[in-house]
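Colleague: I'd like to go over the charged pairs here. Can you put the model up?

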Amino acid sequence: MKTRRLLSILLAVILCFVFAPGMVYAATGPTSAGAPTLTDGTASRIASRMATVTFISDKAGTYYWQIDGAAPTDLNAFVANPMTARSNLVAGTNSWNQAALSTDEHKVYIVATAVDEFTSGNVSSLMTISIPAYTEYQPTKEQYAYALTSKMFNGSAQGINITPQTGAGKVTAIYYNDSTIEPKNAGAYAVTMDVAAGAKYSAQKGLYLGTFTINKADLSKVKVTVADATWSGKQLKPTRFEYSGVSFAISANATVKSYGKNKDIGKGAVSLKGKGNFTGTKTITFKIVPKKNSVTKITSGTKQMKVTWVKTTADQKVTKYQLRYRVKGVNAWTTKTYAAVNSSATIKNLYNGKQYEVQVRSYKVVSGVKYYSGWSEAKTSSELK
């Protein structure tokens, strides 16, 4: 009797382990309260043969997945199979990029075990995620960021920047009126582009974006300069002007309305009316400066040297001369000024055993403004004794 009773108890215990619902690995729910819970499963294509799969887990551990095929029903065997793909599970968002896909729709089957899987055997419910079929779209200009803002002519090439948005292919060529060379000249340019295939869009050639305009530069509104001119005794007529760091021939880019007297040292002027890439009118002033002088002789002495130079012609009517000198090989100059009647000067308090470099220039004061000639070529003294 007692033996029969013990056998009944033993049988009941065995049946509990075999049929207890909390221990059966099934696809309908976690096997116990300790198993991870998987939620928010999504998949999105990032290329024709690749997709990003994402889900959230409330616990850390390991997750296991299968692409396509029949949905696993024996989750215990699925987890235990060494051929099943697996990765570390984090509490929070989990994701991976699944490659080698076809363009068709796919199914992803995922289960997860908690960190303590080997002691408790916890297995999550089965999560099924659909990877959408890859659909290739024809790109439109809306898939790209760019601006067709008008620009002003500046003598240099000017184009536009184009940036692909998410999923769009990179830009392989930009055309301005069918040329890939960025335009310089004022005018309206039809802009098209060639693009490579992207994650969601096919390659395309000649995608039209719109019209890009380079406006003429208005001389009356921009900074235009004429280089200093050297006195010649005759009326000076500039042949070039500078705008935006670029030199332009006056004959090709403007019509001369008038010249100033442009004969004496001081301020000269030329009045221009833009043409071609320029519009508007402007009177541009420039400096007329004395001719360069030259140092003809340096006589070295003890701690001094005598410098002789060629005087400017009397009709230039310069106000004064300037000498500058320095020890050969030294950067800093010392400058001294002399009356216009002089053609030589002695510089004292120098260093014996040194050679000196010397330059000369003249200037004329007109209406309170000094107009300087350029410095002459440097002449080097013999060593002071």
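Colleague: What do the side chains of Glu357 and Arg326 do?
Modeller: They meet in a salt bridge, at 2.9 Å from N to O. A salt bridge is a side-chain nitrogen of Lys or Arg within 4 Å of a carboxyl oxygen of Asp or Glu. Glu357 lies in strand β28 (residues 356-366) and Arg326 in strand β25 (residues 320-327), so the pair ties together parts that are 31 residues apart in sequence. Strands here are DSSP runs of E, at least two residues, numbered from the N terminus.

Colleague: Is Glu357 buried or exposed?
Modeller: Glu357 is buried, with 15% relative accessibility. Buried means under 20% relative accessible area, exposed over 50%, and partly exposed in between (1.4 Å probe, protein chains only).

Colleague: What kind of model is this?
Modeller: This is a predicted model, where local features need pLDDT of at least 70, side-chain atom pairs count only at pLDDT 80 or more, and totals for chains, interfaces and linings use all residues. Residues are numbered from 1 along each chain as its sequence is written, and side-chain values use heavy atoms, with hydrogens and water left out.

Colleague: How many salt bridges does the structure hold?
Modeller: There are four. One of them joins the side chains of Asp264 and Lys261, at 3.3 Å from N to O.

Colleague: How exposed is Lys261?
Modeller: Lys261 counts as exposed, at 59% relative accessibility. Asp264 is partly exposed, at 42%.

Colleague: And which residue does Lys59 pair with?
Modeller: Lys59 forms a salt bridge with Asp58, side chain to side chain, at 3.5 Å from N to O. Lys59 is partly exposed at 28% relative accessible area, and Asp58 is partly exposed at 43%.

Notes. Helices (H or I, at least four residues) and strands (E, at least two) are DSSP runs, numbered from the N terminus.
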